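Subject: Model for your files

Hello,

Here is the model I promised to pass on. My notes on it follow below the structure.

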Amino acid sequence: MDTPPVTRFEAFTPEHLGLLAGFLVVCVVLAIVGRAHRGTTAEVRFRRGFALLIPCFTVPMQVLQLLPGHYNVATSLPLQLCDFAWVAAIAALWTRHWTATALVYFWGLTLTIQGILTPSLTDRFPDPQYFMFWGMHFFTVWAAVYLTFGLRVPVTWRSYRAAVACTFTWVLTMILFNASVGTNYGYLNHKPSVGTVLDLFGPWPGYVVVEVAVVSGIWALMTWPWVRASRSAGRNKPSVTATSTGRLHGHQLEGR
């Protein structure tokens, strides 16, 4: 019996595992590179070049989805959090601003990375959308890794609150948009037709509330190690006053 031809990308095949391996290697390299050139002129050139590279993948993908034959109001509009995450990645790489970094860190490492692990990709190599899909997802997560684990842009409770507030605003806005247009971006107005973890969270709108609470809890756990490390570093760092006093006392002893 002949095996039917594969017509779409399939997760956890050798092809997918190879992509995941390459993705992880680049994550490690970017963390090392970021730590090596942090605070130098090389850092500015690198991260701004990185920022310019992202739209080379994301903008063509978005334009393609808006063209006749591809456009679907339910799926083509750039309204998912993954779409906002790559915009935040560009801003964070260009400016190192803490708010943009917070968004790309929390959105990228919890939401965008889901697209990498369980891709909803219909196109196969070498279709242009194949490269655009992986480019958008890879570069967003790579930006998050480079900025936080490489350049060590601080992740604080202020960052956490900003990300939660922005996400909550998006949730409310998309619920209203979905209701008015008849779409379901973010699965915020009804559950997907296939079984998902959302089925465990009860009916609408309860499952949305539970989902927001769970994500907020995960983000809090992602914030705590950074805050703890920052406090530990602050306690272990000698104060300027103590250091200056010690030096002055040393000079006084030498003068005696």
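Predicted model: local features only at pLDDT ≥ 70, side-chain atom pairs only at ≥ 80, totals over all residues.

Residues are numbered from 1 along each chain as its sequence is written, and side-chain values use heavy atoms, with hydrogens and water left out.

Helix α2 covers residues 41–66 and packs against helix α5, residues 128–150, with the axes 9 Å apart and an angle of about 150°. That angle makes the two helices, α2 and α5, roughly antiparallel. Here axes are lines fitted to C-alpha atoms, for helices over the stretch in contact, and angles run from 0 to 180 degrees between N-to-C directions. Angles over 145 degrees count as roughly antiparallel, under 35 as roughly parallel, 65 to 115 as roughly perpendicular, and the rest as oblique. The α2 and α5 crossing is left-handed, meaning that the near helix is turned anticlockwise from the far one by less than a right angle; clockwise would be right-handed.

**α5 and what follows it**

Of the 23 residues in α5, 20 are buried, so the helix is mostly covered. From first C-alpha to last, α5 reaches 31 Å, close to the 33 Å expected at 1.5 Å a residue; the expected span is 1.5 Å times one less than the number of residues.

After α5 comes R152, with a positive phi near 60°. R152 is in the loop between α5 and α6, and its relative accessible area of 37% makes it partly exposed. R152 and R35 are 117 residues apart in sequence, yet their C-alpha atoms are 7.7 Å apart in space.

R38 and G150 are 112 residues apart along the chain, with 7.7 Å between their C-alpha atoms. R38 is partly exposed, at 39% relative accessibility.

**The α6–α7 loop**

What is the geometry of the peptide bond from W204 to P205? It is cis, with omega near 0°. P205 sits in the loop between α6 (157–181) and α7 (206–236). Y187 is also placed in the loop between α6 and α7, and has a positive phi of about 50° without being a glycine. At 43% relative accessibility, Y187 is partly exposed.

**The bend in α4**

Helix α4, residues 98–117, has 20 residues and reaches 27 Å from first C-alpha to last, close to the 28 Å expected at 1.5 Å a residue. Where does α4 bend? The bend is at G108 and comes to about 50°, taken as the angle between axes fitted to the seven residues ending there and the seven starting there.

**Cysteines**

A disulfide is a covalent bond between the sulfur atoms of two cysteines. With the cut-off used here, a pair of cysteine sulfur atoms within 2.5 Å, the structure holds zero disulfides. C27 is buried, at 11% relative accessibility, whereas C56 is exposed, with a relative accessible area of 53%.

**The chain as a whole**

There are eight helices and zero strands in the chain, in the order α-α-α-α-α-α-α-α along the sequence. The chain has 256 residues, of which 37% count as buried.

Regards

Terms used:
Helix = DSSP H or I, 4+ residues; strand = E, 2+ residues; numbered from the N terminus. Buried < 20%, exposed > 50% of the residue type's maximum accessible area, 1.4 Å probe, protein only.
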